Amino acid sequence: MISFPSSTIATLRVHRRARTRVLLYGTVLAGAVLAPFLSSVYMAHSQQEQQGTSSSRPGGAVSSSQGTSSSAGTPKRGVEAAGSAITLETSEALFQVAAGLNACGYDADLEHSLPVRQQVRDEINQTLQNSAPARDSRDALCAYMVAHQTTGSRNLAQYVSLALYLTPPPELTPSADETEMPPDANQVVNVLPLLRTFAEQTNLHFIWIGHRTEYEAAVAQVHDPLTRTMLDTNIYLKQPVSSYDGRRFTVLLEPMLAPSDVNARIYGTDYFVVTSPSPIAPEIAATKQSTGGIHLNDIRHVYLHYEVEPLVYTRASATDRLQPLLKTVQDAPLDFNYKNDIVALVTECLIKGIEARTMDVGFPKPKKPENVRQRSQIDQYNQAIIDYDHKSEVVRRKQIDTDMHQGWVLTEYLYEKLTQMDHDGISLKEDIGQMVYGMDVYHEQNRAKNIQFFPESSSEVLSRGRAPRRVLTSLDQAELKLVKGDPDGAEAIAKKELTTSPNSGEATYILARIDLMRGDPEQAVERFHKVLTLTKDPRTLAWSHIYLGRLYDMEQGHPDRPLAIEEYKKALAMHDGRPDTREAAEKGIQQPFSPPRRTAKDSDQQNREEPLDPTGKKQKESFQPSPR
């Protein structure tokens with residue numbers, strides 16, 4: 001049997017999610033509770049009810065219809081013109097994958113799961129006892145899972161990724177091409193024929209139908225606490241609950257998984273969280289203190305990514321002046337992505353600042369007295385608020401100190417800016433320009449250089465909201481050397497990699513960028529073209545096309561604009577899904593690329609046309625927040 005250890009959040013960013021709607025039951029987190037913030041959503045729901053759409057929760061949840069014929073092709077996610085972008089759903093495809101895992105030894109947190117998990121396991125075991133073909137299908141499935149077992153939370157994560165890319169049973173086939181699938185899902189995609197046989201032999205579809213009532217009850221248990229969490233977050237950010245704008249935040253419930261496991265996925269512009277609720281007492285479920293039996297803080301962390309990332313990434317081109325900060329975190333216990341991407345680092349630090357500002361400090365805030373009869377009651381209340389603010393600030397500062405020592409070196413600065421934002425009563429959207437790009441880079445560098453980072457072994461909280469930590473490869477080390485301004489060291493590592501793997505597209509990609517740094521565009525063009533034949537990684541392919549487009553735009557005396565536009569369009573076609581890729585490609589299509597004129601006074605300061613003001617004063621003065 002297989003060992004499946006518990007995990008915290010495992011967040012995997014991949015280039016594109018399947019456009020298939022594999023969810024047979026859906027609940028929209030809008031309706032009456034969110035109506036004051038988004039009346040158009042409420043009106044859309046009312047229209048559906050008038051047309052006969054069934055509602056599983058009065059005024060708060062809308063059931064989505066999937067149709068009955070699978071032969072008509074892959075069902076597509078229905079998008080209403082004013083529909084909610086935030087949904088709570090279940091999926092039969094995910095259920096069948098989870099049932100297969102349970103049949104093969106996935107027992108994690110079984111004692112804390114909803115009763116339906118054990119009931120389904122018992123029904124499967126009863127079928128296995130009475131059917132030799134069912135046992136044979138189970139044994140074949142388990143043998144595959146044992147052979148493809150990985151370490152830690154990634155073992156479960158790879159099957160969750162696969163489940164989100166499947167068409168509904170009985171087909172249970174990939175809903176996207178291999179190049180569009182998450183890398184970890186591709187590692188186990190060949191389990192599907194075995195899973196289909198197992199599902200057929202054990203009648204999983206009928207078991208699923210037989211337990212729909214329990215699944216709907218699980219959705220009802222989670223709905224209100226999750227709605228309050230989303231609503232409170234938007235109130236703090238002073239942002240309306242979004243209607244569908246091409247982006248979605250979906251929470252998928254699967255009681256057959258461990259309640260201790262929260263898996264988050266970001267597929268292009270769609271965010272998914274897969275979780276399982278624990279049982280809660282009815283008297284607790286009816287209160288506002290109920291968490292619905294799920295890890296609301298973990299889900300809220302992912303939701304903050306959904307809300308905050310667009311605000312930061314839309315200004316990604318303005319972060320050049322923050323690049324020196326990456327050098328200060330190279331020895332921090334952070335994932336490689338945060339050491340190599342300043343926008344990702346800023347986003348995570350901002351989210352941690354928001355979490356500190358809104359955290360539960362462990363004691364209640366004083367309530368304003370009602371029916372005040374004496375002035376002393378108001379004086380006592382005001383003093384209690386002052387004491388509360390002081391004590392809560394101590395708690396929050398301890399959390400900030402922990403975050404800083406874990407490598408999130410901008411958290412303290414952003415926390416202070418958020419405090420000022422709260423005082424001024426403005427929204428994050430209005431303030432983020434001055435908050436992020438108006439910082440004194442030199443000051444923050446010096447603050448970060450004086451931090452003694454925690455060792456990795458003592459920083460388990462770092463795995464929250466991110467991918468499972470991976471061991472850095474030699475090419476990752478080469479990338480880090482490029483960040484540190486050491487092209488010679490990066491070149492040595494890349495060339496060594498090519499001696500053992502002559503067809504390494506990633507090593508060739510690094511060498512092509514080094515050619516650009518050294519002013520050899522001809523060699524760079526040759527290598528970027530070679531990269532296109534050697535790798536299938538969407539991000540590497542997309543940026544190779546972008547670099548080629550820029551080189552064609554900059555050909556001395558003979559710019560080839562049509563060819564450059566063609567390269568930018570090819571970059572968009574790679575479906576990398578990252579905002580910086582899309583922004584660079586679209587900008588290249590709109591106008592020819594011209595490199596900024598730079599002079600270097602030192603390794604930490606580079607100028608564009610005029611000396612950079614490290615204090616950000618000019619950026620503050622020139623910044624005008626975009627309209628709401």
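Which charged end sits over the ring of Tyr306? That's Arg247, 4.1 Å from the ring's centre. Keep in mind that this is a predicted model.

**Tyr271 and Tyr306**
- Tyr271 and Tyr306 have ring centres 5.3 Å apart and planes at 80°, so this pair is edge-to-face.
- Tyr271 belongs to strand 6 (residues 270-275) and Tyr306 to helix 11 (residues 296-313), so the contact ties together parts 35 residues apart in sequence.
- Tyr271 is buried, at 4% relative accessible area, and Tyr306 is buried too, at 1%.
- The two tyrosines also belong to one aromatic cluster, made up of Phe249, Tyr271, Tyr303 and Tyr306.

**Phe363 and Tyr388**
- Phe363 and Tyr388 make another edge-to-face pair, with 5.6 Å from centre to centre and 85° between the planes.
- Phe363 sits in the loop between helix 13 (342-358) and helix 14 (375-405), while Tyr388 is in helix 14, so the pair links parts 25 residues apart in sequence.

**Charges over rings**
- Arg247 puts its charged end over Tyr306, a ring that is buried.

Terms used:
Residues numbered from 1 in each chain as written. Predicted model: local features only at pLDDT ≥ 70, side-chain atom pairs only at ≥ 80, totals over all residues. Heavy atoms only, no water. Phe/Tyr/Trp six-rings, centres within 6.5 Å; stacked < 30°, edge-to-face > 60°. Helix = DSSP H or I, 4+ residues; strand = E, 2+ residues; numbered from the N terminus. Buried < 20%, exposed > 50% of the residue type's maximum accessible area, 1.4 Å probe, protein only. Lys NZ or Arg CZ within 6 Å of the ring centre and 35° of its normal.
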